[in-house]
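The sequence and structure are shown first.

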Amino acid sequence: ILGKKFLSLYEDSQSINTAVIGITLDSLLGRIKILEATMDGDSLQKILLLPVPSAKPITFIYPDIPLQQVNIVNNLFYYYIYWLAQEGNLNEQLSNVRKFLEKVALSDKSLKWVMPWAALQPSVVDIWLSDYWVPTSKPQGEKIFGPYTIQGFSAIQQFFTRINAEPILNKIYGEEISRFEKAYQIQREAEWRKFLLGFDAGRDLLVTNATWQEILSTLGGANSPYARLSNRILLEYPSSGSIRNRPGWVSSIEFIQTLRESALSESYFGDLVSKLKVLAAISKLNNSNQGTQEKDISESRTLFKTYADAFNKVLTAAISSPGNAGGLAINFSGLGVDPTIKTSVMRDAAEALQRLVDKVGVKNQPWNEPGWVLLEGALKTTIAYTYNQAACTMQSAWNSNIIYPTKLATTEAEMFQKTFGEQGTLWTFIDKTAKPFLTISGSDFINTLIDG
């Protein structure tokens, strides 16, 4: 019944659902394996150990049948073929399956069905920006389409191996698979690079102080969004294994992560081992990025340690209270503008980071750009939070010192005088509250710009 139902789907090649082709081929290949094993005389116990043929074609034809019942029907194929073998020759059955396999494959030789098929595999899931910033049941922000993940890559490669092992399919798809793999690798890298370069947009998902605080509490360790994404990238593109043509920017991420681990190692033995790891990472970096010179490891590690210590001071202050966080932003912008501000721990951290960046690589190298996003992300996120808190403080001061007094004025002239007069509240606000963030240029006020 199922066979006839499916055959009818392929009578008109123009109306075939592209997604159905992949799941049909997958299921048929699984059934061929069971048929071949049975014909070779394998025991029922051994046959039952073979991978279960995909049940998705059945769910496609009969979407209203509960999945549990679909699986029961699908699993009966093992027993059906085994018992059929006891009654006669399975050659005709195998021949019919292969004829149907060829018909399905010829219905679309473009491989447009591969990505929809991959997206349906249980291990293949989309990766969302919100997964790193605010994990919820409702994904938000940009995403990596599941088939472009390492799980998707592995599923596609395994499927292609099965296809090429079947002579009929190898003849139809062999050359097309080679072209597909090249285009897929290019697009996969582009998707991950785009995701990394837009990763800081995850801060826009932090809409409450509680979510900000939760993220801030992770920034100094392995659970930070940036550390987790760094680990994910190295999982997606391991330094050894089946991944071909590893992008150069992935090597820069590995180098930065290895340098971090090396700089923060404590024991003498761990220190020695980490130095060797840094050398290995540099070797990969140089192999993938021509023109990148080997850096002095000891100095680079010292610079990273200096930056880490400076950042921890900033993070500790930012988390301690909203007022202290706002104060960090005031000092960061006001140093060199407001003579009453003498120091800025956040400026110290930014300058330490800049020295590190200058030492370990040329920042404007386009292939390394994703690496700098991950390296700089924790500090930039903390700075963003401090400015949010400073903005809240300024808004409160604006409401109480500017808006409220105008409500006490009885005439429009009095309101103007209170706000814009010689002793007006606006000038007091600019000269005190807003002073660190404004620079006077002639008769204009412009935002204070910070280099770094």
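## Helix α11

In helix α11 (residues 209-216), the residues T211, W212, I215 and L216 are buried, where buried means under 20% relative accessible area, exposed over 50% and partly exposed in between, using a 1.4 Å probe and protein chains only. Helices here are DSSP runs of H or I with at least four residues, strands are runs of E with at least two, and both are numbered from the N terminus. Viewed down the axis of α11, the buried residues fall within an arc of 135°, so they line one face of the helix. That arc is taken over the directions from the helix axis to the C-beta atoms.

The face of α11 turned away from the buried side carries A210 and E214, which are exposed. The cover over the buried residues of α11 includes α8 (130-133), α12, α15 (297-320) and α18; contact means heavy atoms within 4.5 Å.

## Model and chain totals

The model is predicted: local features need pLDDT of at least 70, side-chain atom pairs count only at pLDDT 80 or more, and totals for chains, interfaces and linings use all residues. Residues are numbered from 1 along each chain as its sequence is written, and side-chain values use heavy atoms, with hydrogens and water left out.

The secondary structure of the chain comes to 20 helices and four strands. Of its 452 residues, 44% count as buried. Among contacts between residues at least 6 apart in sequence, 69% join residues at least 24 apart.

## Packing of α9 and α10

Helix α9 (residues 150-165) and helix α10 (residues 167-197) have axes that come within 8 Å and cross at roughly 160°. Axes are lines fitted to C-alpha atoms, for helices over the stretch in contact, and angles run from 0 to 180 degrees between N-to-C directions. The two helices are therefore roughly antiparallel to each other; angles under 35 degrees count as roughly parallel, over 145 as roughly antiparallel, 65 to 115 as roughly perpendicular and the rest as oblique.

Residues making the contact include F153, I156 and F160 of α9 and Y173, I177 and F180 of α10. The contact residues divide into 12 nonpolar, six polar and two charged. In this scheme Ala, Val, Leu, Ile, Met, Phe, Trp, Tyr, Cys and Pro are nonpolar, Asp, Glu, Lys and Arg are charged, and the others, Gly among them, are polar.

## Packing of α12 and α13

Helix α12 (residues 225-236) packs against helix α13 (residues 248-263) at an angle of about 130°, with the axes 10 Å apart. These helices are therefore oblique to each other.

On the α12 side the contact is made by S230, N231, I233 and L234, and on the α13 side by W249, V250, I253, E254 and Q257. Five of the contact residues are nonpolar, three polar and one charged.

## Two residues of α18

T386 lies in helix α18 (residues 369-408) and is buried, with a relative accessible area of 0%. Leaving out residues up to four places away in sequence, T386 touches A318, A325, G326, L328, A329 and M346.

P370 is also placed in α18 and is buried, with a relative accessible area of 0%. With residues up to four places away in sequence not counted, P370 touches R193, L196, L197 and W249. P370 and K194 are 176 residues apart in sequence, and their C-alpha atoms are 8.8 Å apart in space.

## Backbone at L111

L111 is found in the loop between α6 (91-106) and α7 (114-119). Its phi is near 65°, a positive value in a residue other than glycine. Most residues other than glycine have a negative phi. L111 is buried, with a relative accessible area of 3%.
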